[in-house]
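Hi everyone, thanks for making time. I'd like to walk you through a few charged pairs today, and then a greasy spot.

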Amino acid sequence: MAPRPSLGLRARLMFAFALLCVITTAAVAGGIYVQARVAILQRTQDAAVQAMRSRLQALYPLRDPAPDAAELGRIAGAVAEGDDDALALYHGTRSPAGPGRPCLPFGRPCRPRLDPEVIPEALRREVAGGHIAWQRVVWLDGPHLIIGTPLLIVDPDRTARASGIEVYLAQSLAPEQRSIDGLAASAWLTGGAALAFAVVLALLATRGVLGPVRELGRAARLLGEGEMRARIAVRGSDELADVARTFNDTAAELERHVRQLREMEADARRFVADVSHELRTPLAALTAVADVLDEEAAGLPEPAGRAARLVSQETLNLTGLVNDLIEISRFDSGVAALALNEVDVAELVRATLRTRGWPERVGTELPSAVRARLDPRRVDVILANLVGNALRHGEPPVSIRLRADPRWITLEVRDHGPGLDEAVLPRVFDRFYKASAARARSEGSGLGLAIARENARLHRGDLTVANAPDGGAVFTLRLPSRAPDQDGGAE
């Protein structure tokens, strides 16, 4: 499954800073807002109750203990002041409602006066029980504070009793609401400013953290690409500086080890090349002697003849091994080059089979008119190795199939044997690797397939192997139709 995309480190740090700032600002501003709101409403409520009590005290003694509507209107008018609305009730009788306050400058009614239906039932019951009470309600187009109180009558014996008169006052809380809204707007502005500050702070923090991290990533990438001198600057003495120093120490140690390995590899390649070249002269002499022994083997007694033939065969094998080592050393040193020619690929395959006496043993499927610009000698080496391996280690029939398109040509060499073990497939082209450790030493050096793949890659192509579904190994050589010119060096 593909990994799910995630936010980068910068985005996560900025998100964390912003989230922390928003939570902190919301907690602080929200707490201040709630406390200020409660304080404003409490102060307004206490002031309104006190003002209503003071106004009611001016009404004593009451003119009529059983007031009519006009008297109730006078009581309500004495309690109401400014923008406040008041209502007086007495056992079903109530003070008359006015025409409503005029809305300047036109003088038309703006809103109705306080009505019993506006007063909450809970507040009515509390006042009817002889207590002064208040409640905030939404009336008309804004919040109001409704205060209700019963009026008491003091008898000559100085005892107070309920008069049955209830007075209600509705005071607008619009100024307080504007103050509270101003507090909320200030809280939002403060939160926005704090959020902007947090973003700026996060940018500064991420720059200080991500700068060294990016530099470390760049140096690690260069190191992975083979630039062993990649280092990063060490700044300060914090944890990032420790990481930078550790990276530099590791890179220096890695550079030292790589340099040693390269020197050892170069020495090994020079040793193989030098030994191979030094062996060519004595091998040439041995080959001549082996030819003489091979010719005289038939006339020698059986033990001596068998020994002569063995020496001749081993000399040929050693000569092949030395030639393979010389060829491998050319690839390793980068001096192997292509000698390109325009060739008929089908004819090249037939020539390879004819030279080695294999036409009767190998089936072919070779379409005509397939031409390519290749190195015939190297392609011949590849095909000879593949077909020879199929004949020695596979089972008949062995076949070669040619396919072509405008850009590539493909040659498949297949046998119908048991195929290769799955554990062997990844290592078939390794140097000196043999699929079976029990195979005789004379059957090959283990360099043939490695040289074949190097030749394919020198053409900017490739050589692969797989098992056919119905049995047998299939080696696939894929080469470009027009191999590029090279000044030497295999890829």
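So, R457 forms a salt bridge with D462, and the closest N and O atoms are 3.8 Å apart. Keep in mind that this is a predicted model. How exposed is each partner? R457 counts as partly exposed because its relative accessibility is 31%, and D462 is partly exposed too, at 29%.

Okay, next pair. D470 makes a salt bridge with R414, and here the closest N and O atoms are 2.3 Å apart. Where do these two sit? D470 is in the loop between strand 13 (462-467) and strand 14 (473-480), while R414 belongs to strand 12 (residues 408-414), so this pair ties together parts that are 56 residues apart in sequence. D470 itself is exposed, with a relative accessible area of 60%.

Now over to helix 5, residues 239-296, which holds both R256 and E253, three residues apart, or about one turn of the helix. They form a salt bridge as well, with the closest N and O atoms 2.3 Å apart. R256 is partly exposed at 32% relative accessible area, and E253 is partly exposed at 35%.

There's also a network: E347, R350 and R354 are linked by salt bridges. How many salt bridges turn up in the whole structure? The search finds 16.

Last stop, the greasy spot. F15, L19 and I23 make a nonpolar surface patch of about 310 Å². L19 lies in helix 1, residues 9-57, and with 41% relative accessibility, L19 counts as partly exposed.

That's my tour, thanks!

Key: Residues numbered from 1 in each chain as written. Predicted model: local features only at pLDDT ≥ 70, side-chain atom pairs only at ≥ 80, totals over all residues. Heavy atoms only, no water. Patch = residues over 30% accessible without salt bridge, like charges linked within 9 Å, V, L, I, M, F, W, Y side chains within 5 Å. Areas by Shrake-Rupley, 256 points an atom, 1.4 Å probe, with all protein chains shown as cover. Salt bridge = Lys/Arg side-chain N within 4 Å of Asp/Glu carboxyl O. Helix = DSSP H or I, 4+ residues; strand = E, 2+ residues; numbered from the N terminus. Buried < 20%, exposed > 50% of the residue type's maximum accessible area, 1.4 Å probe, protein only.
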